[in-house]
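Have a look at the structure first, then work through the points below.

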Amino acid sequence: MNQYKLLTPGPLTTTDSVKKEMMADRCTWDDDYKAVTQDIRRRLLKLAGVSDQEYTTVLMQGSGTFGVESIFSSVIGDHEKVLICSNGAYGERMTQICDRNRISYVHYQQVYDKVPDASEVARRLEEDPSITHVAMVHSETTSGILNDIQSVGKAVKAAGRTFIVDAMSSFGGMEIPVAEWGIDFLVSSANKCIQGVPGFSFIICRRDQLLASEGKARSLSLDLLDQWKCMEKDGKWRYTSPTHVVLAFAQALKELDAEGGIPARCKRYTENNRLLIQKMKELGFTTYIDSTHQGPIITTFFYPSNVSFQFPEFYQYIKERGYAIYPGKLTDLDTFRIGNIGEIYQEDIEKLVQIIGSFLAEKRGE
Ligand SMILES: *Cc1c(COP(=O)(O)O)cnc(C)c1O
């Protein structure tokens with residue numbers, strides 16, 4: 001198969017040293033392996049900037065959505081209700097999770113190019129005392145918009161409710177002071193900004209909130225508290241763990257540290273993103289999200305209007321030259337997306353924009 005780098009929001013391009021960790025087979029109940037899990041859990045708390053007394057972590061088999069569903073189905077009780085603030089497909093997926101699990105919810109649906117407003121959240125919480133939880137996506141990968149979870153968190157805490165954040169495509173790539181921002185449950189996955197491979201998600205939980213969820217779980221395999229009870233003892237996963245993925249993730253965490261931690265990674269991603277947008281604008285492309293709300297992870301561009309443009313042809317042209325990009329996820333507008341996270345540097349962005357420039361030149365018949 002042809003080699004290409006991924007300019008997608010995860011799975012993304014990983015280092016050879018992360019991939020190499022997967023060449024060994026591990027025993028799930030072996031002490032050395034269990035110690036790796038415990039080390040990962042400690043490192044995640046450190047990245048979240050929280051103490052082991054106040055917070056704890058649970059690793060959960062499956063992709064990111066399994067982690068989101070694990071939280072929802074485990075901590076929102078039968079007589080409780082969640083306010084879901086959405087401005088994209090991942091926020092909307094939370095409503096599907098509620099439908100399947102028969103969890104009561106109200107939906108504050110914002111348009112995709114605007115962020116949910118903290119004062120509107122405060123108003124809804126005041127109006128409806130039966131709302132017990134508020135859930136929201138941080139970096140909405142659908143568009144690339146960055147939501148203001150800090151302001152919403154403040155409103156949620158002022159109203160004394162529980163705050164659930166999907167920080168899938170931002171955790172590890174952006175500073176998120178979890179306790180300060182009033183986050184009770186935060187979920188992300190192995191194959192995003194930490195730059196591991198796909199296979200599990202992780203949930204950073206306020207200990208008291210997690211313990212208070214006893215008896216609420218609707219699912220066995222996604223039972224957050226049950227998973228934690230087993231893992232907390234000695235690092236043993238409740239059911240078969242993705243051993244190769246876990247080893248790769250441990251290596252990815254070390255590489256994040258070696259790069260200079262979250263501040264350094266955030267700087268690289270932000271510079272990649274700034275360069276990408278600047279160079280694409282020079283080619284005549286425009287972005288869907290305005291510069292105030294554009295996040296540093298992924299960018300939505302409109303199709304060019306001055307050439308005949310078919311996404312599959314565009315995709316194939318770029319792929320043959322070494323990069324894979326993403327189709328758009330907006331139903332009503334013609335867009336495509338380019339991610340700039342993973343083992344991606346300025347020279348990749350320069351190369352990509354050159355490829356796109358020659359595609360356009362060929363289209364114009366130059
Ligand atoms: C990637 C992602 C998810 C999880 O998607 P999976 O396909 O289940 O890994 C959830 N929310 C956001 C914002 C994401 O970017």
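The domain bounds used here come from an automatic or database domain assignment. On that basis, this predicted model splits into domain 1 (5-9 + 261-363) and domain 2 (16-257).

**Where the two domains meet**

- On the domain 1 side, 24 residues are in contact with 25 residues of domain 2.
- Together the two domains bury about 2,100 Å², and 59% of that is on carbon and sulfur atoms.
- Ile262, Arg265 and Lys329 stand out: they supply 31% of the area domain 1 buries against domain 2, more than any other three residues.

**What links them**

- There are 13 residue pairs in polar contact between domain 1 and domain 2 (both at pLDDT 80 or more), but zero salt bridges.
- Helix H10 (261-282) and strand E11 (298-302) each give at least two residues to the side of domain 1 that touches domain 2.
- H10 makes the largest contribution to that side, with seven residues.

**The cysteines**

- How many disulfides does the count come to? Zero, going by the rule that the two sulfur atoms must be within 2.5 Å.
- Cys205 isn't in a disulfide either, as the nearest cysteine sulfur, that of Cys230, is 15 Å away.
- Buried or exposed, where do Cys85 and Cys205 fall? Cys85 is buried at 1% relative accessibility, and Cys205 is buried too, at 0% relative accessible area.

Notes:
Residues are numbered from 1 along each chain as its sequence is written. This is a predicted model: local features need pLDDT of at least 70, side-chain atom pairs count only at pLDDT 80 or more; totals for chains, interfaces and linings use all residues. Side-chain values use heavy atoms; hydrogens and water are left out. Buried means under 20% relative accessible area, exposed over 50%, partly exposed in between (1.4 Å probe, protein chains only). Contact means heavy atoms within 4.5 Å. Buried area is the accessible area (1.4 Å probe) that two parts lose on being put together, summed over both. A salt bridge is a side-chain nitrogen of Lys or Arg within 4 Å of a carboxyl oxygen of Asp or Glu. A polar contact is a pair of N or O atoms within 3.5 Å; within protein, one must be able to donate a hydrogen and the other to accept it, and residues adjacent in sequence count only if both atoms are side-chain atoms. Helices (H or I, at least four residues) and strands (E, at least two) are DSSP runs, numbered from the N terminus.
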